[in-house]
Amino acid sequence: MVLSKTNSQSDASIHSTFGSRYVRDALPRFKIPENSIPKEAAFQIINDELMLDGNPRLNLASFVTTWMEPECDKLIMDSINKNYVDMDEYPVTTELQNRCVNMIAHLFNAPLGDGETACGVGTVGSSEAIMLAGLAFKRKWQNKMKALGKPYDKPNIVTGANVQVCWEKFARYFEVELKEVKLSDGYYVMDPEKAVDLVDENTICVAAILGSTLNGEFEDVKRLNDLLVEKNKETGWDTPIHVDAASGGFIAPFLYPELEWDFRLPLVKSINVSGHKYGLVYAGIGWAIWRNKEDLPDELIFHINYLGADQPTFTLNFSKGSSQVIAQYYQLIRLGHEGYRNIMENCQENAMVLREGLEKTGRFNIVSKDHGVPLVAFSLKDHSQHNEFEISGMLRRFGWIVPAYTMPPDAQHVTVLRVVIREDFSRTLAERLVIDIQTVLRELDLIPAMVTEKLGAGETEETHRAVIKKTTLEVQREITSAWRKMVSEKKKTNGIC
Ligand SMILES: *Cc1c(COP(=O)(O)O)cnc(C)c1O
């Protein structure tokens with residue numbers, strides 16, 4: 001009689017995960033499995049597959065925060081099981097969100113009297129904030145047109161062609177025509193004059209971007225405001241402005257306090273900002289702030305009371321986590337103006353180090369401006385041999401994730417590489433990146449030779465002859481057009497963030 005089985009299938013807990021059958025079975029992909037598996041095995045298998053994701057800290061594609069202090073990580077983990085919407089059950093969390101709204105509204109110079117509370121809401125990110133702000137404009141415009149006895153079925157919104165994909169979403173989901181100001185070579189943001197030309201009686205608002213996603217440049221909101229004030233005077237309309245300050249909202253107040261882009265300008269009625277970008281919180285928080293309560297139509301606010309007291313809400317989602325709200329409050333009080341200013345200045349310094357390093361190679365044109373969101377966007381001076389997509393691909397080998405993408409219509413022949421400088425991208429990393437880019441350039445310079453060499457080995461006579469008929473230039477063109485095709489197909493779905 002056998003007393004113990006060495007290869008027990010049932011008592012998995014005595015085996016190491018790698019000694020168990022779970023690492024031998026293919027994991028289900030489509031259907032929930034019939035049976036349970038031990039927690040150790042589930043953890044190990046998922047953890048190991050996730051190793052193949054990129055390293056978030058080396059993901060230079062994104063503005064979104066990838067590092068926070070351990071103390072804040074602890075607050076986040078401690079509140080991971082709190083549903084934000086249970087406001088009556090978690091009144092302190094609600095109070096913290098209100099404090100954040102007030103602090104951010106003051107940061108944006110909302111015209112608030114002493115002790116007056118600000119009008120705003122925490123969201124999942126800028127996208128939700130933009131949907132809400134857009135809805136408020138649409139409803140206000142509709143109410144006005146109805147009162148005037150005019151048609152109110154063809155609202156439009158004016159933006160630059162450089163807008164982030166969430167504006168296209170807003171336009172499509174909420175049936176508002178998007179009127180885009182075309183970009184031109186060397187000018188990659190919305191031209192205020194052209195924008196105001198596009199404004200008509202059906203324009204619900206003009207949306208300006210503080211920190212264009214493509215090259216970090218701030219749009220000239222003051223000029224837009226001044227031109228629009230004039231136009232409104234001439235026409236009798238009252239077209240307002242929204243500022244999409246997703247990335248710039250936590251930069252401009254600290255680096256350029258004199259720059260007038262916010263509620264100091266009378267036509268700016270609402271502003272969105274991503275708490276999870278330069279607000280320095282992990283993904284999952286944004287803010288929509290209105291100038292006054294009158295700028296947010298009452299009928300959009302829902303009052304829920306079945307979880308306790310009456311709670312006004314204006315969000316698209318019902319349930320969500322509380323951690324990000326708490327984390328935002330942590331950053332605001334922990335860093336203060338001083339801390340945010342120091343961090344933003346460091347980011348800007350490190351952007352300069354990177355920019356100078358890239359300029360020194362002599363191979364790139366810098367497309368980003370020194371003024372704006374700390375990022376460096378650059379393109380190759382010479383495309384005859386290689387393109388930006390190849391550089392992006394080869395940098396992956398070092399762990400760096402640096403996106404390459406083409407510019408929007410009327411500038412789409414320009415391809416750029418973009419490195420976003422976040423808080424956790426220190427000078428050492430900036431210098432390291434320059435060294436690795438130099439290595440990539442050197443390797444790329446050798447590639448035509450490598451292609452011919454590779455053809456010599458292992459190919460049959462026929463294919464060999466057929467292949468070498470293609471000149472290096474032809475191969476290059478093919479690679480470029482394949483990349484272009486891939487990018488244009490992916491463009492609308494994976495919009496850089
Ligand atoms: C990132 C970004 C958005 C979208 O913000 P999320 O917080 O990711 O939803 C919108 N507009 C601009 C200008 C952005 O940079």
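How many bridges join S10 to strand S11? Three bridges join them, and these two strands run antiparallel. Hello everyone, let me walk you through this one.

First, some ground rules. This is a predicted model, where local features need pLDDT of at least 70, side-chain atom pairs count only at pLDDT 80 or more, and totals for chains, interfaces and linings use all residues. Residues are numbered from 1 along each chain as its sequence is written. When I say helix (H or I, at least four residues) or strand (E, at least two), I mean a DSSP run, numbered from the N terminus. Two strands pair if DSSP finds at least two bridges between them.

Back to S10, then. Strand S11 covers residues 375-380, and its Phe-378 is the bridge partner of Ile-366. Both strands belong to an open sheet of four, ordered S10-S11-S13-S12, with antiparallel pairing. Strand S10 (364-366) and strand S12 (404-406) stand at the edges with a single partner strand each, so one side of each is left without a neighbour in the sheet. On average, neighbouring strands here are turned by 35° against each other, direction ignored. For angles in this talk, axes are lines fitted to C-alpha atoms, for helices over the stretch in contact, and angles run from 0 to 180 degrees between N-to-C directions. Helix H10 (residues 388-395) lies across S11, S12 and strand S13 (415-420), and runs at about 35° to S13.

Now the other sheet. This open sheet has seven strands in the order S1-S7-S6-S5-S4-S2-S3, with mixed pairing. Its edge strands, each pairing on one side only, are strand S1 (119-123) and strand S3 (177-181). Neighbouring strands of this sheet are turned by 20° against each other on average, direction ignored. Five bridges join S1 to strand S7 (residues 286-290), and the two run antiparallel. Look for Val-121, which stands opposite Ala-288 in S7.

Which helices touch this sheet? Helix H3 (residues 91-107) lies across S1, strand S6 (268-274) and S7, at about 120° to S1. H4 packs on the sheet too, touching strands including S1, strand S2 (156-160) and strand S4 (203-209), and its direction makes about 165° with that of S6. Contact here means that the C-beta atoms of two residues, placed from the backbone, lie within 7 Å.

Next, helix pairs. Helix H4 (residues 126-148) and helix H5 (residues 165-173) pack at an angle of about 40°, their axes 10 Å apart. H4 and H5 are therefore oblique to each other. Angles under 35 degrees count as roughly parallel, over 145 as roughly antiparallel, 65 to 115 as roughly perpendicular and the rest as oblique. On the H4 side, the contact residues include Ser-126 and Ile-130, and on the H5 side Trp-167 and Phe-170 are among them.

What about H2 and H9? Helix H2 (residues 70-78) and helix H9 (residues 323-361) pack at about 150°, with axes 8 Å apart. These two, H2 and H9, are therefore roughly antiparallel to each other. Their contact is made by Cys-72, Leu-75 and Ile-76 of H2 and Ser-323, Ile-326, Ala-327 and Tyr-330 of H9.

Of the 15 residues around the ligand (C-beta atom, placed from the backbone, within 6 Å), Gly-125, Ser-126, Ser-127, Gln-164 and Ala-246 come nearest. Remember Ser-126, which is also one of the H4 residues in the contact with H5.
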